[in-house]
Number of protein chains: 2
Amino acid sequence: MIGEGVTRREDDRLLTGKGRYLDDLELTGALHAAFLRSPHAHARILGVDASAARQAPGVVAVFSGADLPEIQKPLAPKVMHPKLKDLPRLPMPPEEVHYVGEPVAVVVAESRYLAEDALELIEVDYEILPAVASTAAALAKDALAHSGAEDNLAVTLVQRSGNTDEALKSAPHTLSGEFFVTRGGGHSMEPRAVAARFEPATGQVTIWDTTQSPHYARQQLSLIYEMAEDDIRVIAPADVGGGFGPKAQFYGEEVVVPWIAIKLGRTVKWVEDRQENFVATMMERSQTHRIDVGFDGDGKLLAVRDRIEHDQGAYCAGLQVPSITTSTVPGPYRIPNIHTELYACYTNMVPTSSVRGAGRPQAVFAMERMMDRVAEYLGLDPAEVRRRNLVQADEFPYRVGIMFRDGSPLTYDSGDFPALLEGTLDRLGYEQARAMQERARAEGRYVGIGIAVYVEGCGLGPYEGAKVRLTNEGKLLVTLAAAPQGQGYETVYAQIAAEALGIDMAYVEVVTGDTSRIPFGQGTFASRITATAGPAVFDAALQMRERLADTAAQLLGCDPADVVFDGDRATLDGDPEKSMSLLDIARVANIGKHGITLPAGIKPGIETVSYFAPERAAYASGAHAAVVEVDPETGAMDVLDYVIGHDCGNVINPRLVDGQVLGGFAHGIGNAMYEEPFYDDEGQPQAASYLDYALVSSTEVPPVELFHLHTPSPLNPLGAKGAGEGGTIPAPAAIANAVEDALRPLRARIDRAPVTPPRVSDAVADAR
Amino acid sequence: MIGEGVTRREDDRLLTGKGRYLDDLELTGALHAAFLRSPHAHARILGVDASAARQAPGVVAVFSGADLPEIQKPLAPKVMHPKLKDLPRLPMPPEEVHYVGEPVAVVVAESRYLAEDALELIEVDYEILPAVASTAAALAKDALAHSGAEDNLAVTLVQRSGNTDEALKSAPHTLSGEFFVTRGGGHSMEPRAVAARFEPATGQVTIWDTTQSPHYARQQLSLIYEMAEDDIRVIAPADVGGGFGPKAQFYGEEVVVPWIAIKLGRTVKWVEDRQENFVATMMERSQTHRIDVGFDGDGKLLAVRDRIEHDQGAYCAGLQVPSITTSTVPGPYRIPNIHTELYACYTNMVPTSSVRGAGRPQAVFAMERMMDRVAEYLGLDPAEVRRRNLVQADEFPYRVGIMFRDGSPLTYDSGDFPALLEGTLDRLGYEQARAMQERARAEGRYVGIGIAVYVEGCGLGPYEGAKVRLTNEGKLLVTLAAAPQGQGYETVYAQIAAEALGIDMAYVEVVTGDTSRIPFGQGTFASRITATAGPAVFDAALQMRERLADTAAQLLGCDPADVVFDGDRATLDGDPEKSMSLLDIARVANIGKHGITLPAGIKPGIETVSYFAPERAAYASGAHAAVVEVDPETGAMDVLDYVIGHDCGNVINPRLVDGQVLGGFAHGIGNAMYEEPFYDDEGQPQAASYLDYALVSSTEVPPVELFHLHTPSPLNPLGAKGAGEGGTIPAPAAIANAVEDALRPLRARIDRAPVTPPRVSDAVADAR
């Protein structure tokens, strides 16, 4: 089954409108919560008067942050660093708000309409404070994002390999660039949502949460509520309208809503609306890179220095993004001297955290823009400059020279970057494209070719786990801790299990994302699940096959090695009479007969479990190549051709990997050319609806050709890496490279993503 | 910890009134169910008119059996036999009722009061049919307990060893007796109760049930409801007011109540009241034994033939009781020729199933009465006759000659019956008691000494399981499938786990009886849990100790063999600086750091599991000795002295074993001298309250001395057997033997249990 393009099990229900998203769950008698959010980027709360709201029709309760002091405990950053100056992010801060959209109060009412009506009756007395709305402003300390903080720096991180100062000084050539990548959001079709029901009879609260990390949510809630984890059941419903990173974080609403359900003894539900999603769900991307590159006359890289300003937003929900950025700068290239300096700044905008790509698109943008500049400077072909610097296929495991964020040497496990690049260029018809570019230029048209190559850490630790159980109905039930966000876990993990079991996939069921079903788990993020839960499923299923063969052999009176599986049956090889179904086995060993001894040799309790902890991260890689025609007057761009070369190691289901890459590419095109959630200087979001925010739709996504390479990861038995982000990561760089290449005759410079028509025409105007 | 008389953890809350029994659970918005029950022992239902009841105040719904055809499926007998003629026991029969108390309709209302009021408005048109109210009537076929059945026989079972006919014919002496043991109930302080809540959002129904077998209940419900077992969560609350066997069965109410909860989408609760408990909760005991014994002049047994009539009641909920009776007849004696013939009959009384002792008291009554008759016949001391026949300590494993009900040869694993008997007699002061008896007789007083020795199969299969998990709060959580019925599982299994772990018991928590926490289990019955779940806990805890030592060793940088445990800490032996708590270990291995690789060598997911399947049943044994003074005129009896010798193998907690034995003894005294739930000839129960049923209370229980012998079972690593029933089993035999011995000068015969004053004076009158 592994490697087959099995149709997604999920699609039947999803495509026929039968998906049950969180808001579709029948939660009998549920109350509805609506949050009052700060209209100010930075303000002191002098008072909250909710008396009128409490009298409003249908209102059951109103709580400001001060009304729930017992849960106003700082939400821990998901990824820490000893040097981080962590300013407390409270679930619903009672004293000071730090971004537009931060929860200030919550109304619980019989309907969402009544709750929202009552929100308008709450009077909050704010003292408006000066806001910080960019990393530049943050570093200039014109204002403080948090009153009383020393400065706006969350952390300064330096990564060093070799002696970059010396190397840059002595390099035959150096070039510098400054690049900016703007914020971008996850924009999942289903926004965040959380509902909770407390059961006094068990003392357990059941929480339905669109989270990517149910076990993480449970752990945080356990600490805040001071309840045992076993008394908190977090279910991430299997049908979820996307995650993309923001749902891997943990938010104040996830603390407030279940707590109110416990307090009131009533079911309470909150579903984020689209406007809330714009202002209150975490974003990513906003970084400025000032990069210096030293190289020799052949274009060989000698040194890279990158000074990165990272917009952490109002709070640090985790340092993963800037930390990933610093380790992504070197990419697929041999660079003897590397120096990165990161300044993560607090600003008065919604906090940032991982969005598909997670810090990598920015690093790739800076580095790949510079590779093109080096080529231009030396008069070399951009592909050729890349070729001369790529780590070669025989150099793995390859030590990059800097450190991964767990303190270990950053080491690529496997790959074949030259083959990836050449394969991608071949499929593009690189030579023909260059010839076409020449012809176009001769016709006065501006056509450019952009290439971007990247390496992506994925399959991260610490671990994932899986169970396989022979159910008493004679099915094999695979239980994963991880919660899918649309990737098709029900299909993929049934394939992996069926492969190991030798049982027909029809008899394999998959359940996910329910903390009551498996005690330990981490979550769906960082393109990690196939490479972590996958091996756990595979191993648990291999153990299960052995358990089934042993049991069947005892009952059939044969050697376990002679038991073959087909459909749902275990049969003595060559003797179809000696055969039993999974249900037969379950009836004997699981159910047994009341008070009667099991048949000799039968071991009860047919459930297997496996946890897989990867030794270190695996590294997927890819190359994108774009051909773009630009109208220099209007800035209009037309992507004529696009090829994605993608290597995520061994593939479980090529159809699903293609889906991931194409979805990621749509996301990448949005980042490259359209999406920008800009804020004004007071930290007021200027794009809080799709009228203002150009979310990419299918008409904007150009046709694309996919090319796959498979260099198995040696770090897990499936040889798998991650496939969720490669479509996104290099797209802004490839598009920007292509546009600048198109405009090369005009010497226009493209230094920002997204590359929008106004920016292009401005760049052309600047260059004239 | 094993072997220590640790105080019960449960007692603090139970003794201070903080126990939460099923009716105490806060089930917000619960509706209350009340059952209309048949007032007839046997009748055809011609029609049910519930229209008035449906209009009654507070009534939400009324269902007769015919209104719920989808769940009218036969409840499977818990223990089957291929020869059993199983007449269908429906949850709420729509057509014919077969005992007084059988559910006919159910009202669901806002309160139990309103539900009971509405019951009176339901009109049922019955056609009364002739009833069968004794095994004699059943065998005579005067009437049929079920219309259309061929006869009233459920099953005829014959057990044979040697050639009993020949042996009886050739025996130097033979004696015959006929003995009757009446019905008796479990009379748990908390009656049966079931409540259910359906959660549409998960499709799961949660059922709180006082059952002794939550996994069995789930399995039955899965079959009847046609729902996956995983969608049914059965919780047997940890606080339960006793079980004693009747709650190990599965009843119609357990099907009806959750089904209504699912249908209505409302929480529904039913708590059996005491009157219902008398008429609708299963009973046991009622058997007639016609026994022939052949022996030589030394009193050595040559052959035993026992013809047993067993009252199965209206349905066969399982054949365990009569099957246990037949295998208990031989007891601790070498008997070369055995023949038992069992006739299990359907009658129109509440079905019978196991009650503490489960078929053994009846067999012991018949056999031990005959041992006294043999002694009397030969003019030997009753103790001496027993001595001459006991299996000796060097004869184990001892094959009895007949079969156990799983088809394997009935084999005693270990024991020392002579030591048990002598120890018991020593503690009684047997010689002094005989001397005292002589003196009393000389004074015209009637004092007798009764002895009864028994062997008890316990620790039955098929298996039990346990998990041990290092929780994220740094505790060790032991999860058992089995549901306690008051035996102190929270204490005993914490002791067993702590012993294996070397961790302070204070850090060990125990949860039980929740099908959502462990997938497979059997239940609490047949004194089996210590000998089945005990080894599973022990093994899972040993595995856990290894996991903890391995993990701590990796983190402390030492050899796992050098890690010692103390309190909740793992420490490098001899280096108190190198130490970490369970919480430290959990933080590293279970929780981990988001996206960071685990430290080298750390294996995540610290949970261990073990299922233990005993090779065959273990055999506990015991001897009771009683001194009773009888007033032959009034029949009044005074138990002057009572000694219990008890061998349940190795003991985990002697305090708890003493509690079990003493509780069982109270039960046994009730069976021996007081309790009788008699029915009239129409099958009408004549004792349906404690005004009519003489439940034993503390004032009736005589002082008793306990003597323990410990012959470890070789069948499990703890060497444990079962302790729950030994106090009960031989008590009726010992008391009857003592009373007959007291009355020997009058030659009065005691052939029935209970031995009540009217029976004694009648026996004296008969003998005169």
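These are my notebook entries on a few places I looked up in the predicted model above.

**Ground rules**

I worked from a predicted model, in which local features need pLDDT of at least 70 and side-chain atom pairs count only at pLDDT 80 or more, while totals for chains, interfaces and linings use all residues. Residues are numbered from 1 along each chain as its sequence is written, chains are lettered from A and ligands numbered from 1 in the order in which they are written, and side-chain values use heavy atoms, with hydrogens and water left out.

**Entry: two helices of chain A**

I looked up how helix α15 (residues 529-556) of chain A packs on helix α16 (residues 582-591) of chain A, and found an angle of about 80° with the axes 11 Å apart. This makes α15(A) roughly perpendicular to α16(A), a label that covers 65 to 115 degrees, whereas angles under 35 count as roughly parallel, over 145 as roughly antiparallel and the rest as oblique. The axes are lines fitted to C-alpha atoms, for helices over the stretch in contact, and the angles run from 0 to 180 degrees between N-to-C directions. Helices (H or I, at least four residues) and strands (E, at least two) are DSSP runs, numbered from the N terminus.

From α15(A), A:Leu548, A:Thr551, A:Ala552 and A:Leu555 meet A:Leu582, A:Ile585, A:Val588 and A:Ala589 of α16(A), where contact means heavy atoms within 4.5 Å. I noted that the residues of this contact divide into seven nonpolar, one polar and no charged; Ala, Val, Leu, Ile, Met, Phe, Trp, Tyr, Cys and Pro count as nonpolar, Asp, Glu, Lys and Arg as charged, and the others, Gly among them, as polar.

**Entry: aromatic rings**

I found 34 aromatic pairs over all chains; rings of Phe, Tyr and Trp (its six-membered ring) pair if their centres lie within 6.5 Å, and planes under 30 degrees apart count as stacked, over 60 as edge-to-face and the rest as tilted. One of them joins A:Tyr412 and A:Phe417 edge-to-face, at 6.2 Å centre to centre with 75° between the planes. A:Tyr412 is buried at 2% relative accessibility and A:Phe417 is buried at 1%, on a scale where buried means under 20% relative accessible area, exposed over 50% and partly exposed in between (1.4 Å probe, protein chains only).

B:Tyr463 sits in the loop between β18 (446-458) and β19 (464-470) of chain B and B:Tyr611 in strand β25 (residues 607-612) of chain B, so the pair ties together parts that are 148 residues apart in sequence. Both B:Tyr463 and B:Tyr611 are buried.

Back in chain A, ring pairs link A:Phe396, A:Tyr398, A:Tyr412, A:Phe417 and A:Tyr619 into a cluster.

I also checked for charges over rings, a label that requires NZ of Lys or CZ of Arg within 6 Å of the ring centre and within 35 degrees of the ring normal. A:Arg528 lies over the face of A:Phe525 at 4.8 Å from the ring centre, and B:Arg528 lies over the face of B:Phe525 at 4.9 Å.

A:Asn389 lies in helix α11 (residues 382-389) of chain A and is buried, with a relative accessible area of 2%. Not counting residues up to four places away in sequence, I found that A:Asn389 touches A:Gly299, A:Lys300, A:Leu301, A:Pro332, A:Tyr333, A:Arg334 and A:Met371.

A:Thr328, in helix α9 (residues 320-328) of chain A, is buried at 6% relative accessibility. Leaving aside its neighbours within four places in sequence, A:Thr328 is in contact with A:Arg360, A:Ala363, A:Val364 and A:Val455.

**Entry: backbone**

Most residues other than glycine have a negative phi, and most peptide bonds are trans. I noted a cis peptide bond between A:Gly461 and A:Pro462, with omega about 5°, and A:Pro462 is in the loop between β18 (446-458) and β19 (464-470) of chain A. A cis bond also joins A:Ala753 and A:Pro754, with omega about 0°.

B:His187 has a positive phi, near 50°, and is buried, with a relative accessible area of 13%. B:Arg747 has a positive phi, near 60°, and is exposed at 58% relative accessibility.
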